[in-house]
Amino acid sequence: MSATTSGPRNPLAGLDLTPFAFTRRCWVDAPPDSVYALISDVSLIETWSPSAGGVSYAPGDGPWVGARFSGRNRRDGREWVTHSEVVRADPGTAFAFVVGGADHGIVRWDWHFHEQGRGSIVRQSWQLLRADPVLGDTLQDVRSLQNHMADSAESTLLALAEWIADRRTLTDRRTLTGHRAR
C-alpha cells in the first residue's frame with residue numbers, strides 16, 4: 001500500500017498543445033508607440049474586448065515585466081477572475097502577458113506593433129501553454145475555447161481600430177474647426 005495519494009488525473013495530460021495557438025492582425029491609424037500605450041494600459045482592454053472587463057494592475061504595478069494584474073473574463077454566460085503577469089514590455093514594439101503567471105501560466109497573449117504607412121500593424125497572438133481542468137475536460141472543450149478566443153481577438157482588434165479611427169476623426173475635426181484636441 002502506498003503512503004502517497006494523487007489528486008484527480010487531468011484528462012488532457014499529454015495533449016500536444018502545438019496546434020492550440022493563433023495570430024490575428026489589423027491595421028490601425030496610430031503609430032506603434034501610441035498603440036503600445038493603449039494596450040499596455042490593461043484597464044482599457046474592456047473598451048475593445050467582448051470577453052474581458054474590470055482589468056487593473058496590482059497597486060503600484062504598471063506596464064513592466066513582472067507586473068501583475070487581474071480581470072474578469074466572460075464566456076457562455078459565465079464570468080471568472082484571472083490573474084496575469086507581464087512577461088514582455090518593449091514600448092512601441094511588443095507587450096505580452098501570461099494568464100496564471102510566468103511560472104505556471106495557462107495561456108500567453110502577445111501583442112506586436114510595427115509601423116506601416118501613417119499607422120501600425122497590430123498583431124495579437126494566443127498560445128495555450130498547458131492543459132488545465134479549468135479549460136475543460138475534453139479535446140472539444142479546448143478547441144471550443146481556442147475558437148472563442150480567436151473570435152474575441154478578431155473583435156478586439158476591429159474594435160481597437162474603430163476606436164482609434166473615431167478618436168482621430170474627432171481630433172481632425174477639432175483641428176479643422178480651430179478647437180484644441182484633447
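Leaving aside residues up to four places away in sequence, H112 touches R88, T93, A94, I121, V122 and R123, where a contact means heavy atoms within 4.5 Å. This is a predicted model, so local features need pLDDT of at least 70 and side-chain atom pairs count only at pLDDT 80 or more, while totals for chains, interfaces and linings use all residues. Residues are numbered from 1 along each chain as its sequence is written, and side-chain values use heavy atoms, with hydrogens and water left out.

H112 sits in strand β6 (residues 107-116). Helices (H or I, at least four residues) and strands (E, at least two) are DSSP runs, numbered from the N terminus. With a relative accessible area of 18%, H112 is buried; the cut-offs are under 20% relative accessible area for buried, over 50% for exposed, and partly exposed in between, using a 1.4 Å probe and protein chains only.

**The overall layout**

Zooming out, the protein has 3 helices and 7 strands. Starting at the N terminus, the elements go β-α-α-β-β-β-β-β-β-α. Of the 182 residues, 41% count as buried. The accessible surface comes to about 10500 Å², with 51% of it belonging to carbon and sulfur atoms; these areas come from the Shrake-Rupley method with a 1.4 Å probe, and for residues only the protein chains shown count as cover. If you look at contacts between residues at least 6 apart in sequence, 50% join residues at least 24 apart.

**The sheet**

The 7 strands make an open sheet in the order β1-β7-β6-β5-β4-β3-β2, with antiparallel pairing. β1 (21-28) and β2 (52-57) stand at the edges with a single partner strand each, so one side of each has no neighbour in the sheet. From one strand to the next, the twist averages 20°. Two strands pair if DSSP finds at least two bridges between them. Axes are lines fitted to C-alpha atoms, for helices over the stretch in contact, and angles run from 0 to 180 degrees between N-to-C directions.

| Residue | Opposite residue |
|---|---|
| D90 | A94 in β5 |
| F95 | W111 in β6 |

The hairpin of β4 and β5 has 3 residues between the strands, and in it G92 takes a positive phi near 80°. D76 also has a positive phi, near 50°, and is a residue other than glycine. Most residues other than glycine have a negative phi. D76 is found in the loop between β3 (68-75) and β4, and at 61% relative accessibility it counts as exposed.

**Helix packing and aromatics**

Helix α1 (residues 32-40) lies across β1, β2, β4, β5, β6 and β7 (119-128), running at about 160° to β6.

Which aromatic pairs tie helices to other parts? The structure holds 8 aromatic pairs, counted when ring centres of Phe, Tyr and Trp (its six-membered ring) lie within 6.5 Å; planes under 30 degrees apart are stacked, over 60 edge-to-face, and the rest tilted. One of them is Y36 with F95, edge-to-face at 6.1 Å centre to centre and 80° between the planes. Y36 is in helix α1 and F95 in strand β5, so this pair ties together parts 59 residues apart in sequence. Both Y36 and F95 are buried. W48 and W163 form another edge-to-face pair, 5.4 Å centre to centre with 80° between the planes. Since W48 lies in helix α2 (residues 45-48) and W163 in helix α3 (residues 139-176), that pair links parts 115 residues apart in sequence. W48 counts as buried, at 5% relative accessibility.

Y36 and F95 also belong to one aromatic cluster with Y57, F69, F97 and F113.

**The core**

The largest nonpolar core has 43 residues, and V35, F95, W109, W111, W126, L128 and L160 have the most contacts inside it. Such a core is a set of buried Ala, Val, Leu, Ile, Met, Phe, Trp, Tyr and Cys residues joined through side-chain atoms within 4.5 Å. α3 gives the most to this core, with 9 residues.
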